[in-house]
Amino acid sequence: MASTESALNPSREDFAALLEESFSYNEMQEGAVIRGTIVGIENDLAIIDVGLKTEGRVALKEFATPGKPASVKVGDTVEVYLERIENSAGEAVLSREKAKREESWIRLEAAFEKQERVEGQIFGRVKGGFTVDLDGAVAFLPGSQVDIRPVRDVTPLMNIPQPFQILKMDKRRGNIVVSRRAVLEETRAEQRQELVENLKEGQVLEGVVKNITDYGAFVDLGGVDGLLHVTDIAWRRVNHPTEVLSIGQTVKVQVIKVNQETQRISLGMKQLEADPWEGVSAKYPVGAKLKGRVTNITDYGAFVELEPGVEGLVHVSEMSWTKKNVHPGKIVSTSQEVEVMVLEVDPVKRRISLGLKQCLDNPWTTFAEKFPIGTVVEGEIKNITEFGLFIGLDADVDGMVHMSDLDWNRSGEEAMADYQKGQVVKAVVLDVDTEKERISLGIKQLQGDPMEALGDIRKGAVVTCTVTGVQENGIEVSVGEDGLSAFIRRAELSRDRGDQRPERFAVGDKVDARVTQFDRAARKIALSIKALEIAEEKEAVAQYGSSDSGASLGDILGAALNRAQDEKK
């Protein structure tokens, strides 16, 4: 009786203890996850008794899972998050979503610290990616982290439990970023390591072409990719892998090389076929003429396919006899069938040198047969250089007239001033060198050699010259009928110093001079009037007297002159 009365009428100490216990209970429960029992379901709301003075209400949709409706009933025990013990309506404020999120965050944080995978389901699309349910916690899956390669349709991946890797967590903001790609890459790396360890060089496998680049194709060997280089696709030239392969195509390949450290695998297709270069020297002997197809043109020549897998190079220097500085593309075109000659075969380096011009007539030989030395030809001046003229001739060949072969009497520089590009001239064929592909021509040879016209003239002979020019240091004269040019120096114009004056001569004057030097091979002739006068003086003295007998030189020369005049009469 006393205890009942005490309970009904608590003392001040009892009331204080109860109040303290009540405060302590409230502080522990608010903001925590607690257990409750569903005592009723009304209007899509679950009424939950959590052992407080009042029940709380939670929307049924909070008990639903992605892709599935809520499946709770009266009497079920559930965990909820207690936000407030009592609101303005006197009800407890509960949340199932926050409870699930709180539980999930604790579990996810532990997995994130240990870098462990977590399971989740993709259930929605958002800007830049997708939403993932991680058993109550909603995470963001960026579009770039869905798969190793871009995925056009993600529908088959939605609402399916699958592993994810947590990349980032921020509980204060409630942000979680996950990646499906990281899991795939890790799994693939493990598979790749195992596959690479089991691969051996020379092993033949089947694979699927996954990607094609300019330099080759990547082939999936069942979890590991190998590179099939463009040069290992076929023995013949393949300009681009798409000529032979397509994405998704199943191909049979051979393992050429495996690098265990970098896990790089080199594959080949042509290695499964017979090598066409075996016995190539016997099939294509040097000097043989063959027909082939132009497969590729470069700056230095053209590649010609002789058979599938065997190509030879026609160097630009072996393409034309006459076209020396043109691009090979101006002589041949891709896919053109041409006739070539085998020049050299190197089976070790897999090289065959071919010649295109060797199957055509050599224009230099043809020219030599048609125009022998001494023949007069005619052509247009194609170019003028510092050492001569280049003249275009038959069969697109050029001949050169050296400056020394332009004129008999004038220097090369003077003679070249008479010619200009495009002018049509005649010339004489002097020499044809078919090996060096040179034709020597001469223009001065069209006229007779004035040196030959002088006949058997020798040193000491007296010739009659015609003055063609008066210079300060002497006079220019022409000798003979063909007008061989010569020059009489000032000191050789007279025996007497007073008469050694070029101005006393005029163009057109006839003068006699003595030949003091004559070199037919070097084409040199030296004349002197002074030497002639001295020679005449000696002859006169010898014939008409001596100055020692008392006669003066004038008397002797006068007598000689008178006698010469009398003989003329």
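**Two sheets in a predicted model**

Q: In this predicted model, over how many bridges do strand S24 and strand S25 pair?
A: Let's start with residues 424-433, which form S24, and residues 438-442, which form S25. These two strands pair in the antiparallel sense, and the count is 5 bridges.

Q: What is the strand order of the closed barrel?
A: This barrel has 5 strands with mixed pairing. Neighbouring strands are turned by 50° against each other on average, direction ignored. Reading around the barrel, the order is S21-S22-S23-S25-S24.

Q: What angle does the direction of helix H6 make with that of S24?
A: Helix H6, residues 363-370, packs on this sheet. The strands it touches are S21 (376-385), S23 (398-402), S24 and S25. With the direction of S24, the helix makes about 105°.

Q: Moving on to the open sheet, which strands stand at its edges?
A: The 5 strands of this sheet are ordered S28-S27-S26-S29-S30, with antiparallel pairing. An edge strand here has a single partner strand, so one of its sides is left without a neighbour in the sheet. That describes S28 (484-489) and S30 (524-528).

Q: Which residue in S29 stands opposite Thr466?
A: Strand S26 spans residues 462-471 and strand S29 spans residues 510-519. They pair in the antiparallel sense over 5 bridges. Across from Thr466, the residue in S29 is Lys510.

Note on methods
Residues are numbered from 1 along each chain as its sequence is written. This is a predicted model: local features need pLDDT of at least 70, side-chain atom pairs count only at pLDDT 80 or more; totals for chains, interfaces and linings use all residues. Side-chain values use heavy atoms; hydrogens and water are left out. Two strands pair if DSSP finds at least two bridges between them. Helices (H or I, at least four residues) and strands (E, at least two) are DSSP runs, numbered from the N terminus. Axes are lines fitted to C-alpha atoms, for helices over the stretch in contact, and angles run from 0 to 180 degrees between N-to-C directions. Contact means heavy atoms within 4.5 Å.
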